[in-house]
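Trainee: I'd like to learn how to read this fold and its ligand site. Can we go through them together?

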Amino acid sequence: MKVTEYIKNAEGNPLVSFEILPPLKGGSMKNIFKVLDRLMEFNPPFIDVTYHREEYIYKKRSSGYYEKTAIRKRPGTVGICAAIMNKYGVDAVPHLICGGFTKEETENALIDLNFLGVTNVLAIRGDARKFDGRFIPEKDGHHYAIDLVKQIKGMNSGTYLDTNIVNGLGTDFCIGVAGYPEKHFEAPNPKIDLKYLKAKIDAGADYIVTQMFWDNKRYLQFVKDCHDIGINVPIIPGLKPITKKRQLGSIPRIFHVNFPEDLVDAVHKAKNDEAVRQIGIEWCVAQSKELQAAGAPVLHYYTMGDVDTFVDIASQVM
Ligand code: FAD
């Protein structure tokens, strides 16, 4: 079923969903199942599975020279989605990115997903590779998420890249896109960022999942700003508890987000990481309850493999 149908059918009752990462190459699907076995207790209607583009690494050769090599550390998104749907009977939402894909490869990936019975995708651009410094699309790949949305929408109406295909069967993907309550870091200002977000919705995206945030006011203002410019699709808040002191530095650096002063103060005062984890859980539970009361359609948790923390949170929220 589609994410938007789950939301409609819930009629305002609380829903939770989780995002998981594929294991590092060489890792086991068993660990994903161990995590999901516990999260299924909260009846998530869908599970998001992230996509990870190849990264460049430099390997030292016996000659002393370094060789630039491309590796994908976390492959397997499509396989994990199929495994989740098969084992748990819940929907999986693969993240599909522009980076690293030509349009043809995107089309073929969507055909695979369609044949597997996947009916939801989160269409995103992907970040720049570390050594590139800025996002560089493939030759004949998409520059922005909106172009990916348009391709998926086209396939939904039976349009394929090969124009010789007539009467091609349409796919039926429900399309999610990313939104940023604190603005995407590359956008010159929030208004322009929202304008591009609206363009993704106008191009056919069905719902928005937000970047993680810790100040509900930011989300509520973002929802209002979206409504004010005519965005009327569900806006799913993305949540992640802070669990370690060092995340005060790493999370803003990686995700370009801010922590509220009160939270930072509390974490600074914490004696150790177990105390930070408790603070993070309390904060996330309070955030979740407030968002539920404010009518958030789904609470979407970025698990990053930390299942115990999310079991603690979800059991206090659901
Ligand atoms: P876009 O919507 O394309 O926007 C990118 C930037 O370009 C923004 O600043 C926007 O304002 C601007 N822009 C948009 N359209 C135009 C235009 N026509 N002209 C000029 N500027 C424009 N990354 C991964 O690699 N894998 C994942 O699985 C993954 N999952 C994510 C899930 C969520 C919920 C979120 C919020 C992010 C996720 N990301 C993931 C990170 C995401 O790929 C990055 O944030 C990326 O930098 C932007 O993606 P986007 O889809 O928002 O891009």
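Mentor: Strands themselves are DSSP runs (E, at least two residues), helices are runs of H or I of at least four, and both are numbered from the N terminus. Take β7 (residues 174-179) and β8 (residues 207-212): four bridges link them in the parallel sense. One of the pairs is Gly-179 with Thr-210 in β8.

Trainee: Before we go on, what kind of model is this?

Mentor: A predicted one, where local features need pLDDT of at least 70 and side-chain atom pairs count only at pLDDT 80 or more, while totals for chains, interfaces and linings use all residues. Residues are numbered from 1 along each chain as its sequence is written, and side-chain values use heavy atoms, with hydrogens and water left out.

Trainee: Which strands make up the closed barrel?

Mentor: Eight of them, in the order β1-β2-β5-β6-β7-β8-β9-β10, with parallel pairing. Neighbouring strands are turned by 30° against each other on average, ignoring direction. For angles, axes are lines fitted to C-alpha atoms (for helices, over the stretch in contact), and values run from 0 to 180 degrees between N-to-C directions.

Trainee: And which strands does helix α6 touch?

Mentor: Contact means heavy atoms within 4.5 Å. Helix α6 (residues 190-202) packs on the sheet against β7 and β8, and its direction makes about 180° with that of β7.

Trainee: What about β10: are its residues buried or exposed?

Mentor: Buried means under 20% relative accessible area, exposed over 50%, and partly exposed in between (1.4 Å probe, protein chains only). In β10 (residues 299-302), Leu-299 and Tyr-301 on one side and His-300 and Tyr-302 on the other are all buried. Strand β1 (residues 16-20) pairs with β10 in parallel over four bridges, with Glu-19 partnering Tyr-302. Two bridges join β9 (residues 235-239) to β10, also parallel, and there Leu-239 partners Tyr-301.

Trainee: Which residues come nearest to the ligand?

Mentor: A residue is near a molecule if one of its heavy atoms lies within 4 Å of it. Of the 22 residues around the ligand, Asp-127, Tyr-180, His-184, Asp-193 and Lys-200 come nearest. A polar contact is a pair of N or O atoms within 3.5 Å. Polar side-chain atoms of Tyr-180 and Asp-193 each lie 2.7 Å from a ligand oxygen. Taken alone the ligand exposes 980 Å², and the protein buries 85% of that; such areas come from the Shrake-Rupley method with a 1.4 Å probe.

Trainee: Which element gives the most to that shell?

Mentor: α6, with three residues.

Conventions:
Pairing = 2+ DSSP bridges. Polar contact = N/O pair within 3.5 Å; in protein donor to acceptor, adjacent residues only side chain to side chain.
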